[in-house]
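Let's look at how charged side chains pair up in a protein. Here's a quick tour, starting with the picture itself.

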Amino acid sequence: MEHPEDECRVGAEHPEKHEDEEAVARHEEFKKSVEAKMVLRQTNLNPERPDTGFLRTLDSSIKRNTAVIKKLKQINEEQREGLMEELRGVNLSKFVSEAVTAICDAKLRSADIQAAVQICSLLHQRYKDFSPSLVQGLVKVFFPGKAAEDVDVDRNARAMKKRSTLKLLMELYFVGVVDDTGIFVNIVKDLTSIEHLKDRDATQTNLSLLASFARQGRYLLGLPLAGQDIREELFKALNVTTDQKRFFRKAFQTYYDAAVELLQSEHASLRQMEHENEKILSAKGELNEENASAYEKLRKAYDQLYRGISGLAEALDMQPPVMPEDGHTTRVTSGEDTSSPGGSKDSSVLEALWDDEDTRAFYEGLPDLRAFVPAVLLGEAEPKLSEQPAKVQEHSIDSAPDADETQTAAQETAEGAADAGAVQEDRHDKGKDRDEKDKEKTKEKSKEKDKEPDKEKAREKEAERKGEGDKEKAKGVEGANLDSLLQRLPGCVSRDLIDQLTVEFCYLNSKSSRKKLVRALFNVPRTSLELLPYYSRMVATLSTCMKDVSSMLLQLLEEEFNFLINKKDQMNIETKIRNIRFIGELCKFRIAPPGLVFSCLKACLDDFSHHNIDVACNLLETCGRFLYRSPETTIRMANMLEILMRLKNVKNLDPRHITLVENAYYLCKPPERSARVSKVRPPLHQYIRKLLFSDLDKSSIEHVLRQLRKLPWSECEAYLLKCFMKVHRGKYGQIHLIASLTAGLSRYHDDFSVAVVDEVLEEIRVGLELNDYGMQQRRIAHMRFLGELYNYELVDSSVIFDTLYLILVFGHGTSEQDVLDPPEDCFRIRMVITLLETCGHYFDRGSSKRKLDRFLIHFQRYILNKGVLPLDIEFDLQDLFAELRPNMTRYASIEEVNAALVDLEEHERIVTSEKANNEKHSETEKIPSRTTSGMSVNGQSLANGIEENGLHEEIMETESDSESETIEHAGHDDDEETDDWNRDDRGDTEDESDEGDGPGSDEEDKVHVRSKVAEVDPLEEAEFERELRALMQESLDSRKLELRGRPTLNMTIPMNIFEGPTKDHRGVEGESGDETLDEGAGGSKEVPVKVLVKRGSKQQTKKMLIPRDCSLIQSTKQKEAAELEEKQDIKRLVLEYNDREEEELNGLGNQPPSWTQSSGSRVAHRGNTWDAPGRGSGSRHRYLYHSGGGLYYGSRR
């Protein structure tokens, strides 16, 4: 009992338990039967037969005994119990011989053997002379020469009788009724006689009997009893000697060897006949019935012998014989689906005859014309009985001679035929009065014809003229229809059209029409080779009913081929190709015999030069594959192909002919390739591939991200990285989704995003090192992936520009330059275009803009070095410059580019030097004031208190306002001013990171060193202290004028502070106090701060330098750190709550949640984190990571 694999485990265990229970039940049943046999054997060996007095008490009447004996001839399992009861109630002492005869004549089945054993055991236990008589009667079955009545019995019935008798004797021997092993020695000696091998039927019967004996009596042959330990006790009680076992074994082995020799001789005869049939088939194209029937008879006899020997070998625990294969002959059959054991390997090696089902249907699924066209039009219908007398009469009238005797005989024949027709019509149909009148008129005309012969002749001439006129008219209409049909032939370019035209032609069928059709098919235009398969299909369809169509066309084609091949000129190549392709197509429809094709191919190979090469290759391309895959012609076609390749290697052919020959050869005989082994992936890897390559799209990216987060990352992180790097396997338009997933996972697995970026950069470099054409699609996908990673802020702009410059310069100046970047290879240009199209529109301000402008000039020099570009590359470049830098100049020569680069470098050098000088001048001016202010502040505790109360609060307020503005703008993309501030801030950050390597940083270090060794002027310090005291006193006085009950309010920061340079206020925008103070100081011991004071109604700011180690700075740092920590805790709690709420909402309705952070009137919305807007909007996707652990997603224009 089989169950589907997808059932639950509990359900799948039931059939296994059930099978185990059945096996146990069978074992118990077998054990009981063996024990019953052992008990029965003991009883039969020591029978307690009743005395004569007891038998006299039983029924001894002839009638009763006769009835019981008749029942012994029909022993079966159903009647066993009733028959044994009757045998116990009758006295068969005087009828033992009749009972033995009845049992010997019974037709026992395999299922009835045990019932016969029980009955024989009962009779053996009651009658002493029963067993000898029974053994004698059963042995006679195996020696028919001693029983004359068995000679005329049917062979099959006799074989079945021997089989059942042998089984009965074996079972009787096991239960002790038969105790003489010599009986089986004589039977086996007779069955294994070599003389019987001359008779095929006797050999087949003996093989079957010996196999049955070997299976049933394995103990007698000394074979191991595998899995039958229970029967071993039964067999040990048998008195079988070692010599007898040795005899049985030797007799079986000798007979088996002789049978195998006979099988090999039969196999050789079969192969010889196949070889002869193959020769006849190649010469004549078909086999006659005599040869085909002889072959089928020999093949069936061989199959029967092979099956018999295989069965005996299996019973003897031996391997069946393996016949040698003859590779020089081809298997020939009569068309039936038959296979012999020897030929089964050849048929399994052959490939399918047709490449696909449509091709097979085209060449084999021909329409049945008899289902569409009446049989009369096909010329297959016989004239009806009622029309025959009239035809005979007309024939007699039309063919009447002038002689009187001949005319009288014709009249008598016509009258006799008319009378017979009239009588027949009266019997069958009495309503045909009109036919009778016509026949009477015919009689009168025949009588008048004797009297008026001249008038009759005149009438006949007039009738003939009229008939000829009608025939001419009919022929004219039919000819017009046929011409229109033939004109439609070139338009039949589909299977349905040609089949419809074939059916229409059948309605115009005539001998002349068929000739015209054959001529039209033969004169197919020499350039319309696509019509040949359809014309051949029409011929094959018509040939089922009109044999002359195919024969006439084949004769014309063969004559044309012989004419063209014997002409030996190099003209009319198109006609030759049309001719040979037509023959090839007819061969695939089995219209042209393979012998014709091989003769044409051989003629071309005999003179393998010029046009003959083209003709041979076209023939092989048309039907070579068909002939190579056909079992009847595969060997011959293989030999022809080998000859073709040898000729190609020997002759000095031009490259075109070499290509033709190789294409034709490998089309017929493709090179052997090992079967592709499908990779077996674990279920977890299959699920990951399904998520990334099948399920991932815009609507499901959140679900995919959640599923990836749920995976066991310790097990599958490496495979995830591998799948993420196979972006070229998925859709090109979904690469940004993979980048979005990478950004989403980086929040929870930082190392993963770093690994992805490293792998992408490594893949880009490997592609540059190999420069393999097969990796181009992969390299383009990786460039797009890198650009999308920048869009999602996983890499910095410096990585992008480093990669761009690497693409331009890698391998140049080395010995491998022509290999890594050939002059005609423009693929690197396409790589640059792909990367800049993905993320180049973000480089529109700040240092990134200047970097891109500089790179585009270098890029133009690289482009000009390539020379003339392909049109598609040129168009892509025009689109790129129009999108990124529409006003940039496209240089036309390398000299112009070099001049532009020189000007750019000079300009950058001047700007750098000016910037360095300005910084030196500003630092020199700030040194005295910094020293004086630092000394003054250190001596004034009052100033420290004021700074702690006022300045720190203003700094924090400024920081809070800037952060709130950032969040507010992130939720609302319409605030362009704040967005520009964010972009400028990012650009300035990049400026600082990029300028760290320039000369400006070195000069700044020098300024700091000089400031450390500068001396402090005591006069300036004293002046600073006086000004500071006055300032503080003025501030205190102004605060005294305020109302006491009014709460202290922070002054509003003037807007001019934010309108100033970025460097002036950047120190108050950072979230960390350390960051704020470090940036402003520039590495010195003083910290520049701005003090906000109010003089009257005006607010003013003054810049001061305060030492780092003063109490004001230290307290500010501590207070900022405490507030920042509190704020981070609040953010973390809020975002965790929002994350939980978002997951719950996604689980219920899959709706994007929102979160609100109250900071005055500013509200930030948290939308769909992974829904990436299109690149056309000019937005870049950002992930803003707060120190509290929250993630905010937005876009920047």
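A salt bridge here means a side-chain nitrogen of Lys or Arg sitting within 4 Å of a carboxyl oxygen of Asp or Glu. Side chains of opposite charge can pair when their charged atoms come close. Keep in mind that this is a predicted model. By that rule, the count comes to 42 salt bridges.

- Glu-357 and Arg-360 join their side chains in a salt bridge, at 2.5 Å from N to O.
- Both residues belong to helix H15 (residues 357–364), where they're 3 residues apart, or about one turn of the helix.
- Arg-360 is partly exposed, with a relative accessible area of 31%.

**A pair between two helices**
- Arg-537 makes a salt bridge with Asp-499, and their closest N and O atoms are 2.9 Å apart.
- Arg-537 is in helix H23 (residues 532–543) and Asp-499 is in helix H21 (residues 495–506), so this pair ties together parts that are 38 residues apart in sequence.
- Arg-537 is buried at 2% relative accessible area, and Asp-499 counts as buried too, at 15%.

**A pair between a loop and a helix**
- Arg-526 and Glu-574 form a salt bridge, with 2.9 Å between the closest N and O atoms.
- This one links distant parts of the chain, 48 residues apart: Arg-526 is in the loop between helix H22 (511–522) and H23, while Glu-574 is in helix H25 (residues 573–588).
- Arg-526 is partly exposed at 47% relative accessible area, and Glu-574 is partly exposed at 38%.

Note on methods
Residues numbered from 1 in each chain as written. Predicted model: local features only at pLDDT ≥ 70, side-chain atom pairs only at ≥ 80, totals over all residues. Heavy atoms only, no water. Helix = DSSP H or I, 4+ residues; strand = E, 2+ residues; numbered from the N terminus. Buried < 20%, exposed > 50% of the residue type's maximum accessible area, 1.4 Å probe, protein only.
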